[in-house]
Each structure stands twice: as structure tokens, then as C-alpha cells.
Amino acid sequence: SEDVLSKDAGECAICLEDLQQGDTIARLPCLCIYHKGQVFLRMDIKFQEEAIMGCIDEWFEVNRSCPEHPSD
């Protein structure tokens, strides 16, 4: 689910940047949290445009599990 972080929470296990109060995050069922929709600005080759992606959005393009709990 998408949420706004209410207090600083260490670092994101994907990008290793700090998770700071006010960041938009995704909270997975295992309760792990990651940046959502604000971190990556990348060039989408297929559509020839820049796309803003969050860490977990980028992760889920190639993975289907939590980065910290891959067996869940």
C-alpha cells in the first residue's frame, strides 16, 4: 500500500538513501517499506521519455518479491 512516512526510518534497502519523514513510500505485506514514485528519474527507451519511478516500482518491474524477504 502507498503511504507517507511519518518519521525518519533508516535507509531504503534498494537505493540505500535515507527514508525521511514526508517521503512517499510503499509498505509491503511483510511491513518492509521502500520509496515509491519519487526517487528514480530515468529515460524510458521504449517511449523515448523520462519516467519518474520509485525504488519499489523499479524493483517490481523485474522481481515479484520483497527485496529483504525473497521467499515470502
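Is leucine 31 buried or exposed? I looked it up: leucine 31 counts as exposed, because its relative accessibility is 62%. My scale for this is buried under 20% relative accessible area, exposed over 50% and partly exposed in between, with a 1.4 Å probe and protein chains only.

**Ground rules**

I am reading a predicted model, where local features need pLDDT of at least 70, side-chain atom pairs count only at pLDDT 80 or more, and totals for chains, interfaces and linings use all residues. Residues are numbered from 1 along each chain as its sequence is written, and side-chain values use heavy atoms, with hydrogens and water left out.

**Overall layout**

I found 1 helix and 5 strands in the chain, and their order along the sequence is β-β-β-β-β-α. Helices (H or I, at least four residues) and strands (E, at least two) are DSSP runs, numbered from the N terminus. The chain has 72 residues, and 28% of them count as buried. Its accessible surface is about 5,000 Å², with 49% of that belonging to carbon and sulfur atoms; these areas come from the Shrake-Rupley method with a 1.4 Å probe, and for residues only the protein chains shown count as cover.

I also checked contacts, meaning heavy atoms within 4.5 Å. Among those in the chain with a separation of 6 or more, 22% are between residues 24 or more positions apart.

**The hairpin**

Back to leucine 31, which I placed in the loop between strand 2 and strand 3. Strand 2 (residues 24-27) and strand 3 (residues 33-35) run antiparallel and are joined by 3 bridges; strands pair if DSSP finds at least two bridges between them. The hairpin has 5 residues between these strands, and within it leucine 31 takes a positive phi near 80 degrees. I made a note of that since most residues other than glycine have a negative phi.

I found a second case in leucine 16, whose phi is positive at about 65 degrees although this residue is not a glycine. Leucine 16 sits in the loop between strand 1 (2-4) and strand 2, and it counts as exposed because its relative accessibility is 53%.

**Histidine 35**

What does histidine 35 touch, beyond residues up to four places away in sequence? I got a list that includes Cys12, Cys15, Leu19, Gly54, Cys55 and Ile56. Histidine 35 is part of strand 3, where it stands opposite isoleucine 25. It counts as buried because its relative accessibility is 3%.

I then looked at its side chain, which reaches the backbone oxygen of aspartate 18 at 3.3 Å and makes a polar contact of 3.4 Å with the side chain of aspartate 23. A polar contact is a pair of N or O atoms within 3.5 Å; within protein, one must be able to donate a hydrogen and the other to accept it, and residues adjacent in sequence count only if both atoms are side-chain atoms.

**The core**

Which residues touch the most other members of the largest nonpolar core? I noted Cys12, Leu19 and Tyr34, in a core of 13 residues. Strand 2, strand 3 and helix 1 each supply at least two residues of this core. Such a core is a set of buried Ala, Val, Leu, Ile, Met, Phe, Trp, Tyr and Cys residues joined through side-chain atoms within 4.5 Å. Leaving aside neighbours within four places in sequence, I see cysteine 12 in contact with Glu17, Leu19, Tyr34, His35 and Cys55.

**Cysteines**

How many disulfides does the structure hold? I counted 0, taking a disulfide as a pair of cysteine sulfur atoms within 2.5 Å. For cysteine 32, the nearest cysteine sulfur is that of cysteine 30, 3.7 Å away. For cysteine 66, the nearest is also that of cysteine 30, at 3.6 Å. Cysteine 32 is buried, with a relative accessible area of 10%, and cysteine 66 is buried at 7%.

**Around helix 1**

I ended with two residues here. Glycine 54 is in the loop between strand 5 (49-53) and helix 1, and it counts as buried because its relative accessibility is 0%. Its C-alpha is 3.9 Å from that of lysine 36, though the two are 18 residues apart in sequence. Serine 65 lies in the segment after helix 1 (55-60) and counts as buried at 19% relative accessibility. Apart from neighbours within four places in sequence, serine 65 is in contact with Trp59, Phe60 and Pro70.
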